[in-house]
Amino acid sequence: EIYGEIRSLVSMLPSNNDEFGADSECTDDLNRAVSDLAGCVGDSSIALSMIADDNSYFEVKSGFGKQITTGFIRLNGQTVGCVANRSEGYDDEGKKVWDCDTVLTVEAAEKAADFVNFCDSFDIPVLTLTNVTGYDADMDCEKGIARAASKLAFAFANATVAKVNVVTGKAFGSAGNQMVIEEFMT
């Protein structure tokens, strides 16, 4: 199973940073209609799999910073990196296993920043789905959120790849600005 996952990930990535993306044949219609996309606002990994070619979303670092999902999809055969806020998680049978507030945490911001930097290194475009109401405001988070938020802002602003942001739910306050900042920085 692990070898299969590694093969799936490697097939999505270019062989090196000079090669433009990893293309594959696509039989899906790029202009296809996606039903019930609005019903996936809580768990954006489901929405990403619905818009992807062959409904395939490869999530990375799924156990870290669960308020953000990062991973790869293919759109018309081209690899695209995805960053999306989420407030719910479902198991393989479609049963909700966790939920949380639509906030940006230190771990989630760092996870997203590292992923955007990785995509930029390999010239992989980034699609962001935004649904966030603010920053996590507990004692532990307040100590590091400014540093993590600035790291995320720098990653989005510094990235030279194509970036698209779609607000799927809420984009309130400075956390909302944090997630959509790439729209204004390029």
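Residues are classed here as buried under 20% relative accessible area, exposed over 50% and partly exposed in between, with a 1.4 Å probe and protein chains only. By this scale Asp 114, at 35% relative accessibility, counts as partly exposed. The structure is a predicted model, in which local features need a pLDDT of at least 70 and side-chain atom pairs count only at pLDDT 80 or more, while totals for chains, interfaces and linings use all residues. Residues are numbered from 1 along each chain as its sequence is written, and side-chain values use heavy atoms, with hydrogens and water left out.

The pLDDT, the predictor's confidence in each residue on a scale from 0 to 100, averages 81 over the protein, and 85% of the residues score at least 70. Confidence is highest in helix H3, at a mean of 93, and lowest in helix H5 (residues 173-185), at 61. Where pLDDT is low, the predicted coordinates should not be read in detail.

Five strands form an open sheet with mixed pairing, in the order E1-E2-E3-E7-E9; two strands are taken to pair if DSSP finds at least two bridges between them. E1 and strand E9 (163-171) stand at the edges with a single partner strand each, so one side of each is left without a neighbour in the sheet. Neighbouring strands are turned by 20° against each other on average, direction ignored. Axes are lines fitted to C-alpha atoms, for helices over the stretch in contact, and angles run from 0 to 180 degrees between N-to-C directions. Within the sheet, E2 and E3 are antiparallel and pair over eight bridges, and Phe 72 has Gly 81 in E3 as its bridge partner. Helix H3 packs on the sheet and touches E1, E2, E3 and E7, its direction making about 30° with that of E2; contact means heavy atoms within 4.5 Å.

Strand E7 runs parallel to E3, to which it is joined by four bridges, and Cys 82 stands opposite Leu 127 in E7. E7 also runs parallel to E9, with six bridges between them; here Val 126 has Lys 163 in E9 as its bridge partner. Seven of the seven residues of E7 are buried, so the strand is largely enclosed by the rest of the structure. Both of its faces are covered, with Val 126, Thr 128, Thr 130 and Val 132 buried on one side and Leu 127, Leu 129 and Asn 131 buried on the other.

A nonpolar core is defined as a set of buried Ala, Val, Leu, Ile, Met, Phe, Trp, Tyr and Cys residues joined through side-chain atoms within 4.5 Å. The largest such core has 26 residues, of which Phe 72, Val 83, Leu 104, Val 116 and Leu 152 touch the most other members. Strand E1 (58-60), E2, helix H3 (106-121), E7 and helix H4 (139-158) each give two or more residues to this core, and H3 gives the most, with eight. A second, separate core of 13 residues includes Ala 47, Met 50, Val 80 and Cys 82. Ala 47 and Met 50 are also among the buried residues of H2. Helix H2 (residues 44-51) is mostly covered, seven of its eight residues being buried. The cover over these buried residues includes strand E2 (68-75), strand E3 (78-85) and strand E7 (126-132).

The structure holds five salt bridges, each defined as a side-chain nitrogen of Lys or Arg within 4 Å of a carboxyl oxygen of Asp or Glu. The side chains of Arg 147 and Glu 110 meet in one of them, at 2.6 Å from N to O. Arg 147 lies in helix H4 and Glu 110 in helix H3, so the pair ties together parts that are 37 residues apart in sequence. Glu 110 is buried, with a relative accessible area of 16%, whereas Arg 147, at 49% relative accessibility, counts as partly exposed. Asp 114 forms a salt bridge with Lys 151, the closest N and O atoms being 3.1 Å apart. This pair likewise links distant parts of the chain, with Asp 114 in helix H3 and Lys 151 in helix H4, 37 residues apart. Lys 151 is partly exposed at 32% relative accessibility. Lys 96, partly exposed at 39%, forms a salt bridge with Glu 88, with 3.4 Å between the closest N and O atoms. Asp 43, Glu 59 and Arg 86 are linked in a network of salt bridges.
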